[in-house]
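Morning, everyone. Please bring up the structure on your screens, and I'll walk you through its inner spaces.

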Amino acid sequence: MGNGVKEGQVGLKQNGVEPIVPTHVLSEGSPEKRKVIHSLMSGALAGAVAKTAVAPLDRTKIIFQVSANRFSAKEAYRLIYRTYLNDGFLSLWRGNSATMVRVIPYAAIQFCAHEEYKQLLGSYYGFHGKTLAPLPRFIAGSLAGTTAAMLTYPLDLVRARMAVTPKEMYSNILHVFIRISREEGLKTLYRGFAPTILGVIPYAGLSFFTYESLKKLHADHSGRAQPYPLERLAFGACAGLIGQSASYPLDVVRRRMQTAGVTGHVYGSILPTMQEIIREEGLIRGLYKGLSMNWVKGPIAVGISFTTFDLTQILLRKLQFSTNIER
């Protein structure tokens, strides 16, 4: 059908008549543009679903990370239950609106960037349309995470502030930005940026590397090109477990630096912050505080995120294919 249209247009031009092109042909984006839009949409949905599912656990983890209180599963449960009794069920999702404002662009950028970096590295290393070799696979994930973190960092700080403060202190996201800018200066919006970037390199790199590697192993051994949804969840859970365990101490450091203005502590840079945490709370109890909760929360969130992204991408491709056939 496409060739017939082109041939007709050429014939008309040769006879000196300007062809009339249908509007939908002019407005239709290129395949590359559609691919980027699909990646952004899929990534945004993946991030929103995953973070909302684990928001109460994430909030509890942050509260322990920024305090000197000793963490245990029993204490975490007590905190969640006490929050529910005092402030109501929805208070367990306090700060989730800020999380959504951050995580939707973050996940959209990260997943879209990962697809683009995979394509770029595939062209560079000669893996056109194929699964990347291990090192480029890790680099693509690290670059994707770094790109997303750099572009959305102030929103991460705002979300951390809202998670650890009472409702009376900050009424909404805009209020957090205004108060921080007025009382602590604009530079505060990037406090904890260095440990975030240092942490996201192994976290995103290992997460994407593990997930892509497990999918490749599955395809090689099962003979099926696409895993089942439950298999994707399992692969994503493994990816989250490995990625978050590798970068967890830096996650604790960034949370301390982000919330220093409301917890009464003064933290300078990464090493002094680490040293103070170790001196006051110990190596394991300080830098790995809340890790056991992350082993529950992290795999669930990453599993849901990767699975939602892949399934949404497949659905959008099918819808696009159906639309093209109808035309």
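**Cavities, a pocket and a core**

Let's start with the second largest cavity. Its lining has 13 residues, and those nearest its centre are Ala 55, Arg 59, Arg 94, Thr 99 and Arg 159. Keep in mind that this is a predicted model. The volume of this second largest cavity is about 80 Å³. Which helix gives the most to its lining? Helix 4 does, with four residues. Helix 4, helix 6 and helix 7 each supply at least two. Sort that lining by class, and you get five nonpolar, three polar and five charged residues.

Now step back. How many cavities of 30 Å³ or more does the structure hold? Three.

Go to the largest cavity. Its volume is about 690 Å³. It is lined by 38 residues, and the closest to its centre are Lys 51, Arg 102, Tyr 106, Tyr 203 and Gln 244. Seven names to find on your screens: helix 3 (31-53), helix 4 (55-65), helix 6 (96-125), helix 7 (134-164), helix 9 (193-222), helix 10 (229-258) and helix 14 (291-326) each give two or more residues to this lining. Helix 9 has the largest share, eight residues. By class, the lining of the largest cavity has 18 nonpolar, ten polar and ten charged residues.

Next, the largest pocket. It has a volume of about 910 Å³. Its lining counts 34 residues. Nearest the centre of the pocket lie Glu 115, Lys 118, Glu 212, Lys 215 and Arg 317. Which elements give two or more residues to this lining? Helix 3, helix 6, helix 9 and helix 14. The classes here are twelve nonpolar, eleven polar and eleven charged.

Last stop, the largest nonpolar core. It is made up of twelve residues. Among them are Tyr 248, Leu 250, Val 252, Val 253 and Met 257. Helix 10 gives the most, with five.

Which residues is Leu 291 in contact with, leaving aside its neighbours within four places in sequence? Ser 245 and Tyr 248.

Definitions and conventions: Residues are numbered from 1 along each chain as its sequence is written. This is a predicted model: local features need pLDDT of at least 70, side-chain atom pairs count only at pLDDT 80 or more; totals for chains, interfaces and linings use all residues. Side-chain values use heavy atoms; hydrogens and water are left out. On a 1 Å grid over the protein atoms alone, a cavity is a set of points where a 1.4 Å probe fits but cannot get out, and a pocket is an open set with protein on both sides within 12 Å along at least five of seven lines; lining residues have an atom within 4 Å of a point. Grid points are joined across faces, edges and corners, and a volume is the space filled by probe spheres set on the points. Ala, Val, Leu, Ile, Met, Phe, Trp, Tyr, Cys and Pro count as nonpolar, Asp, Glu, Lys and Arg as charged, and the others, Gly among them, as polar. A nonpolar core is a set of buried Ala, Val, Leu, Ile, Met, Phe, Trp, Tyr and Cys residues joined through side-chain atoms within 4.5 Å. Buried means under 20% relative accessible area, exposed over 50%, partly exposed in between (1.4 Å probe, protein chains only). Contact means heavy atoms within 4.5 Å.
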